[in-house]
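Welcome! Please take a moment to look over the sequence and the structure shown below, and then we can walk through them together.

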Amino acid sequence: MKKIFIFLFISIFLLSCKQKVEITVFNNTNLDRSNEIVEFCFCNVKGKINFKRNDEIIILDKNNNKIPYQVLSDNKTIIFPASVLANDSSIYTVLVGVPDSIPAKTFGRQVPERKDDFTWENDRIAFRMYGPALASENPSNGVDVWLKRTDKLVVDRFYKDDLAEVQSYHVDNGEGIDCYKVGNTLGAGGIAPYIDNKLFIGSNYDNYLVTDSGPLRTTFKLTYDKFNINEDSVQQKIYISLDAGNHLNKATVYYSDKNNVINQLAAGICLHDSVDTIISDIDNRFISYAENAVSNAGIHSGRSYVGVIMPTLESVIEKENHLLAIGQHLNGKSFTYYFGAGWSKWGFPSDKDWINYMKETSIKIRNPLIVIIK
């Protein structure tokens with residue numbers, strides 16, 4: 001009887017010990033990493049602590065402060081912001097508990113009230129792509145930018161006020177402005193096949209699917225109608241995700257290409273007449289430019305910045321009023337790159353600050369934080 005009691009006591013003790021898991025995040029770069037989104041699989045935690053669902057956990061930093069997190073739509077991937085000093089590590093603890101509600105820092109949706117725009121934003125910047133209702137007057141798979149200087153989510157209100165003629169988003173209202181011109185171009189980081197020294201800009205997206213919409217990451221898919229390249233029919237699908245705190249989107253594009261005609265892709269930024277600073281840094285895999293931000297009324301609104309990071313960048317050219325980052329495309333394989341923008345009125349006081357951001361972000365992309373679960 002005594003042995004049975006001891007066995008039960010040990011079993012209960014061991015079971016009660018399974019109440020936390022430590023996650024160590026390593027930074028192998030010379031850069032401090034602040035609130036950078038990392039991820040781990042719920043499957044690597046389940047069974048190590050006693051809970052039933054992935055929404056029954058809390059994540060604590062070394063000071064026992066709760067860290068916000070998001071469970072992605074696959075119901076197994078958990079993301080959270082980690083901060084790690086250069087060449088150092090940080091430890092986070094996963095426990096059973098009730099998480100705090102957190103305000104959304106990212107968001108995305110289709111806007112049927114404005115000709116099917118698809119718009120998305122985070123606490124730093126906002127973007128949109130043009131939908132089917134606008135295809136006849138402005139055919140383009142280019143990216144439009146809304147500059148922001150608030151951490152609030154504003155695009156819904158901007159659309160509402162603009163459509164009601166209360167406040168135009170083409171004028172800086174103290175929180176942001178749309179002063180970027182796209183037209184029939186790749187805009188601020190669109191992508192297109194580049195074949196025989198020719199750029200094949202697509203048209204507006206045809207279908208969309210939102211898979212995650214905050215609070216820390218928004219992810220969606222845009223599908224485009226088939227189009228012809230030298231009599232070959234191809235189709236583009238692109239997955240775009242934007243994390244809280246980032247000025248750059250991650251984009252993964254797929255092309256259906258039965259005849260294998262697409263051997264190069266070009267991610268581009270449109271060279272407006274007002275562009276006065278162009279940066280091509282092949283060593284750090286990015287292109288960028290700066291120009292004066294000017295409203296429709298001709299009012300100067302600081303400096304706007306646009307950039308593209310392509311980890312597989314091979315060459316950079318100026319062609320057809322674009323600065324193009326060129327990379328090899330393998331038939332049937334995905335292709336990943338990054339695009340985004342910034343503003344001198346929100347985080348980048350000078351051109352140099354933006355260029356440093358692009359360089360450091362490229363280093364971080366090529367050297368992701370390493371997540372180890374004990």
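## A residue to start with

Is Thr219 buried or exposed? Thr219 is buried, since its relative accessible area is 14%, and the cut-off for buried is under 20%. Please keep in mind that this is a predicted model.

Thr219 sits in strand 16, which covers residues 217–224. Setting aside neighbours within four places in sequence, Thr219 has contacts with Leu209, Val210, Thr211, Asp212, Ile240 and Ser241. Strand 16 also holds Thr223. Thr223 counts as buried too, at 12% relative accessibility. Not counting residues up to four places away in sequence, Thr223 touches Tyr205, Asp206, Asn207, Gln235, Gln236 and Lys237.

## The chain as a whole

Let us step back for a wider view. The chain contains three helices and 27 strands. Its radius of gyration is 23 Å, close to the 21 Å that the globule rule gives for 374 residues, so the chain is as compact as a globular protein of that length. Among contacts between residues at least 6 apart in sequence, 67% join residues at least 24 apart.

## A sheet that includes both ends of the strand numbering

Five strands form an open sheet in the order 4-3-7-1-27, with antiparallel pairing. At its edges are strand 4 (66–67) and strand 27 (370–373), each of which pairs on one side only. Strands of a sheet pair through backbone hydrogen bonds, either parallel or antiparallel.

How many bridges join strand 1 to strand 7? There are eight, and strand 7 covers residues 88–96. Here Asn27 stands opposite Asp88 in strand 7. Strand 3 is joined to strand 7 by four bridges, and to strand 4 by two. Leu60 takes part on both sides: Leu60 faces Thr93 in strand 7, and the bridge partner of Leu60 in strand 4 is Lys66.

Phe26 lies in strand 1, which runs over residues 20–27. At 33% relative accessibility, Phe26 counts as partly exposed. Together with Ile370 and Ile372, Phe26 makes a nonpolar surface patch of about 230 Å².

Another open sheet of five strands has the order 8-9-10-11-12, with antiparallel pairing. Strand 8 (106–111) and strand 12 (176–177) stand at the edges with a single partner strand each, so one side of each is left without a neighbour in the sheet. Strand 8 pairs with strand 9 (residues 117–122) over six bridges. In this pairing, Gln110 stands opposite Phe118 in strand 9.

## Salt bridges

Side chains of opposite charge can pair when their charged atoms come close. How many salt bridges does a search of the whole structure find? The search finds 18. One of them joins the side chains of Glu137 and Lys115, at 2.7 Å from N to O. Glu137 lies in the loop between strand 10 (126–129) and strand 11, and Lys115 in the loop between strand 8 and strand 9, so the pair ties together parts that are 22 residues apart in sequence. Glu137 is exposed, with a relative accessible area of 52%, whereas Lys115 is partly exposed at 33%.

The side chains of Asp172 and Arg149 also meet in a salt bridge, at 2.7 Å from N to O. Asp172 is in the loop between helix 2 and strand 12 and Arg149 in the loop between strand 11 and helix 2, so this pair ties together parts that are 23 residues apart in sequence. Arg149 counts as partly exposed, at 29% relative accessibility. Beyond its neighbours within four places in sequence, the contacts of Arg149 include Asp172, Trp343, Lys345 and Trp346.

## Back to strand 16

A further salt bridge brings us back to where we began. Arg217 pairs with Asp243, the closest N and O atoms being 2.6 Å apart. Arg217 lies in strand 16 and Asp243 in strand 18 (residues 232–243), so the pair ties together parts that are 26 residues apart in sequence. Arg217 and Asp243 are both buried.

Elsewhere, salt bridges that share partners join Arg114, Asp117, Arg128, Asp144 and Asp178 into one network.

Methods: Residues numbered from 1 in each chain as written. Predicted model: local features only at pLDDT ≥ 70, side-chain atom pairs only at ≥ 80, totals over all residues. Heavy atoms only, no water. Patch = residues over 30% accessible without salt bridge, like charges linked within 9 Å, V, L, I, M, F, W, Y side chains within 5 Å. Areas by Shrake-Rupley, 256 points an atom, 1.4 Å probe, with all protein chains shown as cover. Salt bridge = Lys/Arg side-chain N within 4 Å of Asp/Glu carboxyl O. Buried < 20%, exposed > 50% of the residue type's maximum accessible area, 1.4 Å probe, protein only. Rg over C-alpha atoms; globule rule 2.2 N^0.38 Å. Contact = heavy atoms within 4.5 Å. Pairing = 2+ DSSP bridges.
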